[in-house]
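This briefing sets out selected packing features of one protein structure. Please read it alongside the sequence and the coordinates.

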Amino acid sequence: MTFEDVSWPQRTERLVLRRVRPGDIERLLEFRNKPEVSRWLLRTEIGAEALRAAWLGSLTEPRNLSSVAELDGVVIGTATLEVRDGLGQNDDEAMTGAEAEIGYVLDPAYAGRGFATEIAEALLRIAFEDAGVRRVTAGCYADNAGSVRVLEKAGMRREQYGVQDSWHAELGWVDGCTYALLAEEWVKASAARGR
């Protein structure tokens with residue numbers, strides 16, 4: 001399979017991941033700009049029109065497999081998955097779309113119940129099993145203990161710790177981490193879990 005073959009919606013144990021709809025934008029804004037959310041994002045605040053343009057624009061980008069996460073019909077988060085070519089691929093068709101980057105944002109009202117981990121695991125499954133990528137990465141600020149836990153619980157390993165490598169609009173230069181997982185590691189971990 002390739003990233004062009006991914007179908008929607010995708011389901012997890014408790015969530016439905018589906019492509020964004022125009023009516024979702026106001027709901028996304030309800031939690032996206034809350035201080036406890038924006039503190040951990042590169043862009044601390046975003047206006048309605050910019051958010052609308054970014055999310056609705058994702059629908060026309062074949063390599064952008066981003067979605068919203070719904071619980072019982074309520075959008076509780078976002079799940080970003082962007083497929084890309086790896087370094088040095090030089091437009092080799094066999095290598096196109098070999099890597100992906102994932103991310104997530106969760107409404108704080110739903111934090112602490114494993115939903116972010118469920119989203120991260122779903123993104124990994126979609127990337128490896130549906131989109132056919134060979135490597136997935138994710139980044140977070142080193143001080144974001146919640147995201148560190150989520151990425152590690154999802155089975156990703158920390159590959160890089162950058163000292164003051166990330167600019168934050170309110171905090172200045174902060175430390176960042178990069179996590180990653182290979183398709184072969186995903187297959188082994190899935191087999192161990194009996195999937």
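The model is predicted: local features require pLDDT of at least 70 and side-chain atom pairs count only at pLDDT 80 or more, while totals for chains, interfaces and linings use all residues. Residues are numbered from 1 along each chain as its sequence is written, and side-chain values use heavy atoms, with hydrogens and water left out.

**Helix 4 and helix 6**

- Helix 4 (residues 115-130) packs with helix 6 (residues 183-192) at an angle of about 115 degrees, the axes being 10 Å apart; axes are lines fitted to C-alpha atoms, for helices over the stretch in contact, and angles run from 0 to 180 degrees between N-to-C directions.
- Glu121, Leu124, Arg125, Phe128 and Glu129 of helix 4 make the contact (heavy atoms within 4.5 Å) with Ala183, Trp186 and Ser190 of helix 6.
- Leaving aside neighbours within four places in sequence, leucine 124 is in contact with Ile102, Val136, Ala154, Met156, Leu181 and Trp186.

**Alanine 69**

- Alanine 69 is located in strand 3 (residues 67-71).
- With 0% relative accessibility, alanine 69 is buried (under 20% relative accessible area; exposed is over 50% and partly exposed in between, with a 1.4 Å probe and protein chains only).
- Beyond its neighbours within four places in sequence, alanine 69 is in contact with Val16, Leu17, Val74, Val75, Ile76, Gly77 and Ile119.
- The C-alpha atoms of alanine 69 and alanine 79 are 6.6 Å apart, at a separation of 10 residues in sequence.

**Aromatic pairs**

- There are 3 aromatic pairs, counted where ring centres of Phe, Tyr and Trp (its six-membered ring) lie within 6.5 Å; planes under 30 degrees apart are stacked, over 60 edge-to-face and the rest tilted.
- The rings of tryptophan 167 and tryptophan 173 form an edge-to-face pair because their planes are at 70 degrees, with centres 5.3 Å apart.
- Tryptophan 167 is partly exposed, at a relative accessible area of 47%.

Technical notes:
Helices (H or I, at least four residues) and strands (E, at least two) are DSSP runs, numbered from the N terminus.
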